[in-house]
Amino acid sequence: MKTVTDSFIDERTIEDTLNAAVAPDRRRVREILAKASTLAGLDQAEVAALMNVVDQELLGEVYSAARSVKETIYGSRLVLFAPLYISSFCRNDCVYCSFRARNRELKRRALTQEEIAAETLALVTQGHKRVLVVAGESYPEGTGLQYILDSIATVYNTRSGNGEIRRVNVNIAPLTVDDFGRLKAANIGTYQLFQETYHRDTYAKVHLAGVKRDYNWRVTGMHRAMQAGIDDVGIGVLLGLYNWKFEMLAMMQHIASLEQEFGCGPHTVSVPRLEPAEGAPFATSSEWLTSDEDFLKAIAILRLAVPYTGLILSTRESAETRRRCFELGISQISAGSRTDPGGYTAAETNGDLKGQFHLGDHRSLNEVIRDISELGFMPSFCTACYRLGRTGRDFMDMAKPGEIKYHCEPNALSTFQEYLDDYASPDSRTAGEQFVNIKLAQMEPPQRRISEALLGEVKTGKRDVFV
Ligand code: SAM
Ligand code: SF4
């Protein structure tokens, strides 16, 4: 297979589509929403039309269509994970990030394997089962990618009682096809990489030094990852660097290109929004900061456009904003996060001074779980698909609503029950068990039977059971 080296982003078409788009009339919006409700996804012109909806009543219809697609495919599940920052060294100069090479104020750290094990233990003892390993683009002298591979092995090998991390996702700089092959061999779950901005001029303005200046190398990163056999990839843009509408259409082109080349689009799309960052004044002065209203609109439209693709929301957002986003289509969230290497084990936290950017949600995993279950969402620590090899296209096939009922929901409940038994505070446990019973009662008999069987196994002390 020939490696893709040129950008497939067609800026001219995006600009033309944006210039031609006018606020769509009621009939057009309803036609688009009717198509979306068949779970067929949306094309670029349809996405452009929905982005231009301003009428509040019509916007309400867009939100309610997104809620119903989310409910049909994902039910009320929210999968939980935590980022694990292992190094803040970086040779790039991204003007929005604290880790940028020219930020001399930052006290940098690259964790040793012992420190990574200690951080993992801290996450395991909170109840986490999935982590996202994150690093700046510069590894300790003489190590290169091996540092990341060793770190992944350390995370997988760190256990405590019933606890272990079962899926390690990775957010690191893009690699060659050969090196992506090494990353795959390390048993990663998802490889995640954000383009930051697909707009070439803006990209050049915000990336001042280092390998990351090369737009084409980055934009073709996911093609190399998939060529190397990594079939769960996670894309994203950093909202706030440029016009969100441009980024949404460009993201649709990225998805289309992966689908065309590999027969399957990304496993997830992340929606990080630019947050203030020490030593990176651009993060607060960008002229394109995305408003809450546009942010919610972007999430709802993505849910309709790529119904089977997971949508990830991090703790960059405040608890209040997060609550509003969940029902519009978010399927995975981080909780109890730190963005400073060593942050989970630091005896004394130092605010976010050593972190990559400021966080909006500082609550612990236990508090987040309590909150989301009170809102009716089912916390899930499930890692079954990846462990059973249901990745890439196989996952997409499995993700059809009928199948989800018999796999994802029972797995969500059983992994939540594990959490309640092993880690929850007494009051959270009582509330959580009531929640499990309510969800069980709402299930149809065949689904309930599967769930009860799994829950029964967990209650007798078995762990890591799934269907
Ligand atoms: N260094 C690698 C890279 O840039 O791809 C991987 C890790 S980087 C630490 C992870 C992501 O953090 C970046 O892709 C960027 O989108 C995000 N980020 C950087 N600065 C941010 C800020 N001020 N607010 C929100 N997200 C930010
Ligand atoms: Fe380095 Fe990534 Fe931060 Fe850019 S975003 S400065 S590459 S850590």
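I looked up how α2 and α4 lie: they are roughly parallel to each other, because the angle counts as such (under 35 degrees). In this predicted model, helix α2 (residues 26–36) and helix α4 (residues 56–74) pack at about 5°, with axes 10 Å apart. The axes are lines fitted to C-alpha atoms over the stretch in contact, with angles from 0 to 180 degrees between N-to-C directions; helices are DSSP runs (H or I, at least four residues) numbered from the N terminus.

I then listed the contact (heavy atoms within 4.5 Å). From α2 it takes Arg-26, Val-29, Arg-30, Leu-33 and Ala-36, and from α4 Glu-57, Leu-58, Glu-61, Val-62, Ala-65 and Val-69. By class I noted seven nonpolar, no polar and four charged residues.

Next I checked ligand 1. 20 residues surround it (a heavy atom within 4 Å), and the closest are Glu-196, Lys-212, Arg-218, Glu-275 and Gln-356. A side-chain N or O atom of Lys-212 is 2.8 Å from a ligand 1 oxygen atom. I found a ligand 1 nitrogen atom 2.9 Å from a backbone N or O atom of Glu-275. The protein covers 96% of the 560 Å² of accessible area (Shrake-Rupley, 1.4 Å probe) that ligand 1 has on its own.

Notes on counting: residues are numbered from 1 along each chain, chains are lettered from A and ligands numbered from 1, as written. Local features need pLDDT of at least 70 and side-chain atom pairs 80 or more, while totals for chains, interfaces and linings use all residues, and side-chain values use heavy atoms, without hydrogens and water.

How values were computed
Helices (H or I, at least four residues) and strands (E, at least two) are DSSP runs, numbered from the N terminus. Angles under 35 degrees count as roughly parallel, over 145 as roughly antiparallel, 65 to 115 as roughly perpendicular and the rest as oblique. Ala, Val, Leu, Ile, Met, Phe, Trp, Tyr, Cys and Pro count as nonpolar, Asp, Glu, Lys and Arg as charged, and the others, Gly among them, as polar. A polar contact is a pair of N or O atoms within 3.5 Å; within protein, one must be able to donate a hydrogen and the other to accept it, and residues adjacent in sequence count only if both atoms are side-chain atoms.
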